[in-house]
Amino acid sequence: MTHTARRIGRSLALVLPVVLVLSGTLAVSAVPWAGQDSGTQLTASSSEVSVRAKSRAPQDILRDQLLAELQEKDPGTALTHLQREVENRPSLAKHCMSIARSLGRAAVEQYGPSRAQSYSRPVCDTAYATGVMRAS
């Protein structure tokens with residue numbers, strides 16, 4: 001009896017791992033994410049992965065705030081606030097001209113060229129006036 005039990009045990013020891021591996025492989029290949037096209041895919045593709053939102057640069061935030069202020073009030077107020085921001089945060093000075101040109105273009109769209117030019121100030125050299133001129 002001992003000899004028979006030992007022989008059955010050895011057979012199971014050889015066959016059982018093979019059966020387990022094959023059944024596991026078949027089970028994995030039967031799930032939807034194994035490459036078959038199905039509506040419920042469990043893996044995320046690179047296009048579905050959420051991307052962390054990029055933080056906006058201070059000059060872009062300031063430009064948007066000043067453009068909104070230009071729409072609500074007038075270009076003179078926006079230019080005054082631009083000058084104050086550049087004085088308070090000198091790191092914005094290199095962006096002052098592009099922001100002023102943007103304000104000039106937006107002023108022409110809202111007020112027309114002659115009225116927009118009447119708000120011109122010596123903020124950031126003559127960048128506002130340049131923006132008005134190019135938008136006209």
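I began with Arg89, which is partly exposed at a relative accessible area of 36% (buried is under 20%, exposed is over 50% and partly exposed lies in between, with a 1.4 Å probe and protein chains only). I note that the model is predicted, so that local features need pLDDT of at least 70 and side-chain atom pairs count only at pLDDT 80 or more, while totals for chains, interfaces and linings use all residues. Residues are numbered from 1 along each chain as its sequence is written, and side-chain values use heavy atoms, with hydrogens and water left out.

Looking for the partner of Arg89, I found a salt bridge with Glu85, the closest N and O atoms being 3.6 Å apart (the rule asks for a side-chain nitrogen of Lys or Arg within 4 Å of a carboxyl oxygen of Asp or Glu). Glu85 is likewise partly exposed, at 27% relative accessibility.

By this rule I count three salt bridges in the model. Another of them joins the side chains of Arg56 and Asp64 at 2.1 Å, N to O; Arg56 is partly exposed with a relative accessible area of 46%, and Asp64 is partly exposed at 36%.

Which residue forms a salt bridge with Arg63? I found Asp60, with the closest N and O atoms 3.3 Å apart.

I placed Arg63 in helix α2, residues 58-72 (helices are DSSP runs of H or I with at least four residues, numbered from the N terminus). Asp60 lies in α2 as well, three residues from Arg63, about one turn of the helix. An α-helix has 3.6 residues a turn, so residues three or four places apart point the same way.

Is each partner buried or exposed, or in between? Asp60 is partly exposed at 29%, whereas Arg63 is buried at 18%. Leaving aside neighbours within four places in sequence, I find Arg63 in contact with Ser98, Ile99 and Ser102 (contact is heavy atoms within 4.5 Å).

In helix α6, residues 127-135, I list Ala127, Tyr128, Ala129, Gly131 and Val132 as buried. Their cover includes α3 (75-88), α4 (96-111) and α5 (113-118).

Finally I looked up ring pairs and found one aromatic pair in the structure. Tyr111 and Tyr119 make it, tilted, at 5.6 Å centre to centre and with 45 degrees between the planes (rings of Phe, Tyr and Trp, the last by its six-membered ring, pair with centres within 6.5 Å; planes under 30 degrees apart are stacked, over 60 edge-to-face and the rest tilted). Tyr111 is buried at 16% relative accessibility, and Tyr119 is buried at 18%.

Technical notes: Helix = DSSP H or I, 4+ residues; strand = E, 2+ residues; numbered from the N terminus.
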